[in-house]
Amino acid sequence: MEQRLDNPFVVGRYVGGAYFCDREEETEMLVRQLRNGRDVALISPRRMGKSGLIHHLFARPEVQEKYNVFFIDIYSCSSLKEMIFLLGNAIYKQLKPRREIWKERFFQIISSFRVGLKMDAQSGLPVFDLGLGDISSPETTLDEIFRFLKESDTPSVLAIDEFQQILKFKEKNVEALLRTHIQQCPNVHWIFAGSQRHLIQGMFLSPNRPFYQSVITTTLHQIPIDKYCDFAIGLFENYGKTIDKEIIEKVYSRYQGYTWYIQMVLNEIFDITISGDVINIGVIDKAVNNILQMQSDNYREQMSLLTTTQKTLLQALAREGEVSDITSVDFVKRNSLSSPATVQSALRRLLSLDIVTRNESIYRITDFFLSQWLRQNI
């Protein structure tokens, strides 16, 4: 039985099916791909719920019973070494509760991880405490990890979130290296999740790339608004609070169905209301202002690291919301920017920092809360 949470609107983690909204069709689709031995590229913007869906899949009994499951998020990685560090730790932590004989096998095969096997000062027992600096030869360690997975008695599912990040690694052969290993490891099923559509599609749909046509490519869209409303209203009711459907619809629409932002606002609305309350529409702005106030110092610090042109461009995007003519003379003039060339230069930097995002030819500030904070502080 799942634990009853103090606040049922969970943000940024998966705690169980009772607090997870819908995604029934998407979960069944992924189960079906696993059953048929197909790897998957899962594409959607950040904070739409990719990682939550993967953890929900991993919690399914038929998946837990048949597979070892591993999840890593490489969004902050800049090298193969960092990715291998995350992967090795994920494998060890997931399989740690197993018998001692398994641990011996782990270190026999992944011998380069033996440097991470240290003695606990208090208990005197061996503990696994690998540091990034302990990985001296990343490709050797990668070979060992794949050998361990290949020789496992149980098939595995390995999900890598923000997979397009490997294109930014300092090593230049990562795509080909991983593809070679994956082809030689048939008992591992892969989920490659990514938020930058053009990069992910380029990796899997371009004939001259190592991963060409190696996966089923699917897009994760917004949860239907009616399903989200039913889910949210039900959670409020379970805690003795009454919220009108109109409020949920307004939050959903304001944040374009992006799961993380909706959950964050509903989390704050839940927090500032008490059992027995009938929640009115005015609570939305109060909740959002509380969130912006909590984030204000972070946003100020983020802005302090940008150039004047970059900040001016962000302010323009905050005012206009979504922009397609971002390098046009008209956009430059009405937002007091110096020239299309300087806009292009600033835009490239903001895109690389993921502060601005592009969908087809439409640009907007990635973080909806940052956009609103900028509008209030222009």
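Q: What should I know before I start?
A: This is a predicted model, in which local features need pLDDT of at least 70 and side-chain atom pairs count only at pLDDT 80 or more, while totals for chains, interfaces and linings use all residues. Residues are numbered from 1 along each chain as its sequence is written, and side-chain values use heavy atoms, with hydrogens and water left out.

Q: In what order do the five strands of the open sheet stand?
A: Let's begin with the terms. Helices (H or I, at least four residues) and strands (E, at least two) are DSSP runs numbered from the N terminus, and two strands pair if DSSP finds at least two bridges between them. Here the order is E2-E5-E6-E1-E7, with parallel pairing. Strand E2 (68-73) and strand E7 (216-219) are the edges, each pairing on one side only. From one strand to the next, the twist averages 15°; axes for such angles are lines fitted to C-alpha atoms (for helices over the stretch in contact), and angles run from 0 to 180 degrees between N-to-C directions.

Q: How many bridges join E2 to strand E5?
A: Six bridges join E2 to E5 (residues 156-161), and the two run parallel. As a landmark, look for Ile 72 opposite Ile 160 in E5.

Q: Which strands form a hairpin?
A: E10 and E11 do, with two residues between them. Strand E10 (residues 356-359) and strand E11 (residues 362-365) run antiparallel and are joined by four bridges. Arg 358 stands opposite Tyr 363 in E11. In the turn, Glu 360 has a positive phi of about 60°.

Q: Where is Gly 49 found?
A: Gly 49 sits in the loop between strand E1 (40-43) and helix H2 (50-58). Its relative accessible area is 22%, so Gly 49 is partly exposed. Not counting residues up to four places away in sequence, Gly 49 touches Leu 220 and Thr 259. The C-alpha atoms of Gly 49 and Gly 12 are separated by 8.9 Å, although these residues are 37 apart along the chain.

Q: How many disulfides does a search of the whole structure find?
A: A disulfide is a pair of cysteine sulfur atoms within 2.5 Å. The search finds zero. Take Cys 21: its closest cysteine sulfur, in Cys 229, is 9.3 Å away, too far for a bond. Cys 77 has its closest cysteine sulfur in Cys 185, at 20 Å, which is also too far. Cys 21 is buried at 6% relative accessibility, and Cys 77 is buried with 3%.

Q: Which residues touch the most other members of the largest nonpolar core?
A: A nonpolar core is a set of buried Ala, Val, Leu, Ile, Met, Phe, Trp, Tyr and Cys residues joined through side-chain atoms within 4.5 Å. The largest one has 62 residues, and Ile 269 and Leu 313 touch the most other members. Helix H12 (residues 283-304) supplies the largest share of this core, eight residues. Beyond its neighbours within four places in sequence, Leu 313 is in contact with several residues, among them Ile 326, Phe 331 and Leu 350. A second, separate core of 46 residues includes Cys 77, Met 83, Phe 106 and Leu 142.

Q: How many aromatic pairs are found?
A: Rings of Phe, Tyr and Trp (its six-membered ring) pair if their centres lie within 6.5 Å; planes under 30 degrees apart count as stacked, over 60 as edge-to-face and the rest as tilted. The whole structure has 29 such pairs. The rings of Phe 106 and Phe 113 have centres 6.1 Å apart and planes at 45°, so this pair is tilted. Both Phe 106 and Phe 113 are buried. Tyr 261 and Phe 368 make an edge-to-face pair, 5.1 Å centre to centre with 85° between the planes. That pair links distant parts of the chain, 107 residues apart: Tyr 261 in helix H11 (residues 259-271) and Phe 368 in helix H16 (residues 368-377).

How values were computed:
Buried means under 20% relative accessible area, exposed over 50%, partly exposed in between (1.4 Å probe, protein chains only). Contact means heavy atoms within 4.5 Å.
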